[in-house]
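Subject: Structure for you to look at

Hello,

Here is the structure I promised to pass on. Please open it and keep it beside you while you read my notes.

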Amino acid sequence: MSANKDSRKRKRTQSQWVCIAPDIALKKGGSEESCSKIISLKHGKTGQPTKFLLTQNPKQLFEINKFEDDVPRSWFLGEVVQQDGSFLLVTPCDPVFTILHLLRRSPNKFMILDQILEDSEFPSYREISGCQGLEKALSSICDVRGDSVKGYKLLDDRLTAYLKAKVERLELVLSNENVATGSSSALFSRGKKSGGSFDRKKFAFGIICEYLDDTAAKNLGKELGYEVLSAKELQKETRKKRPASMDGGKKSLKPKEDYSSLGTGKSKSSAPAKQSAAAKSLAKVDKKGMKSISAFFGKKKK
């Protein structure tokens with residue numbers, strides 16, 4: 001690769017991002033061990049590798065969400081124009097959402113915390129041991145045995161109660177902040193109160209479900225009276241609502257009426273246009289020996 005190509009590649013590499021985060025998430029420590037770090041964990045709902053920020057002193061887990069628009073945008077950062085107009089939002093995250101799949105690996109077995117956090121695919125799980133609120137949350141959703149060394153076994157009914165309490169707290173926050181959650185809301189906009197407490201609870205339930213696997217989401221939905229569809233069930237429902245031709249059926253999506261001839265003057269069903277009195281008189285004139293106007297503008301014959 002030539003030197004010019006190398007320089008162009010370096011120019012395209014982005015070295016900074018706009019980030020909105022609490023002070024503790026960006027706090028710099030004296031040593032490398034005391035600095036915040038980016039780790040990769042499994043997303044509770046999608047199962048995909050997801051970036052989180054882990055702070056030290058206190059040890060706390062934050063999720064990182066990237067917001068970007070379809071419309072090209074840029075940032076003015078001092079004397080520099082950054083082409084990428086997206087930004088990162090760093091917010092606290094309950095570590096329980098990231099370890100539910102680990103607790104389900106051995107549903108009838110008690111495991112100590114080190115065993116729970118053992119994951120060869122995601123070694124960073126070991127780093128969230130001692131994370132703020134983790135052991136307290138495990139005690140709320142698990143059957144616990146032992147004193148100095150505790151063993152945990154997930155109980156679905158306790159997990160559902162734990163998640164239900166989260167939905168109710170989030171519903172209260174939505175109400176206090178006057179967040180519109182009904183049909184009149186536009187992308188989580190603030191405005192007039194709409195929909196009442198039922199809409200807010202359903203909205204809060206939907207937010208919590210964005211972090212849950214299908215089992216936990218369905219159990220919570222059953223407790224709150226909401227139906228939850230798994231990814232496969234949602235795909236089936238979507239197929240049912242599609243027109244037959246989209247699924248390879250025999251029905252056609254062709255329009256019932258043919259509008260292709262509009263504006264061309266060649267419509268089969270169109271009636272001849274009515275002529276004015278002057279046009280009718282002109283039509284009766286004897287045109288023999290007359291030349292058309294276009295004949296005066298043609299090329300002269302040599």
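First, a cut-off you will need: a residue counts as buried when its relative accessible area is under 20%. Also bear in mind that this is a predicted model.

Start with lysine 166. Where does it lie? It is in helix H5. Is lysine 166 buried or exposed? Its relative accessibility is 16%, so it counts as buried. Which residues does lysine 166 contact, leaving aside neighbours within four places in sequence? They are Asp94, Phe97 and Ile208.

Now the whole chain. The protein chain has 302 residues, and 26% of them count as buried. It holds nine helices and nine strands. Take the contacts between residues at least 6 apart in sequence: 52% of these join residues at least 24 apart. The chain exposes about 22,300 Å², with 53% of that supplied by carbon and sulfur atoms.

Next, the core. In soluble globular proteins, nonpolar side chains tend to be buried together. Here the largest nonpolar core has 46 residues. The members that touch the most others are Ile99, Leu103, Ile128, Leu138, Ile141, Leu163 and Leu212. Helix H2 (residues 96-103) gives this core its largest share, six residues.

Seven of its eight residues are buried, so the rest of the structure largely encloses H2. Those seven are Val96, Phe97, Thr98, Ile99, Leu100, Leu102 and Leu103. Phe97 has come up already, as a contact of lysine 166.

Then find isoleucine 141. Not counting residues up to four places away in sequence, isoleucine 141 touches Val96, Leu100, Leu103, Lys153, Leu154, Leu155, Arg158, Leu159 and Tyr162.

Last, the pocket. The largest one has a volume of about 1,000 Å³. How many residues line it? The count is 33, and Glu63, Thr91, Leu170, Ile207 and Tyr211 lie nearest its centre. Two or more lining residues come from each of these elements: strands E3 (49-55), E4 (60-67) and E7 (87-92), and helices H2, H5 (156-176) and H6 (196-209). H5 gives the most, with five residues. By class, the lining has 16 nonpolar, eight polar and nine charged residues.

Best wishes

Definitions and conventions
Residues numbered from 1 in each chain as written. Predicted model: local features only at pLDDT ≥ 70, side-chain atom pairs only at ≥ 80, totals over all residues. Heavy atoms only, no water. Helix = DSSP H or I, 4+ residues; strand = E, 2+ residues; numbered from the N terminus. Buried < 20%, exposed > 50% of the residue type's maximum accessible area, 1.4 Å probe, protein only. Contact = heavy atoms within 4.5 Å. Areas by Shrake-Rupley, 256 points an atom, 1.4 Å probe, with all protein chains shown as cover. Core = buried A, V, L, I, M, F, W, Y, C linked by side-chain atoms within 4.5 Å. 1 Å grid on protein atoms, 1.4 Å probe; cavity = no way out; pocket = protein on both sides within 12 Å on 5 of 7 lines; lining within 4 Å. Points joined across faces, edges and corners; volume = space filled by probe spheres on them. Nonpolar A, V, L, I, M, F, W, Y, C, P; charged D, E, K, R; others polar.
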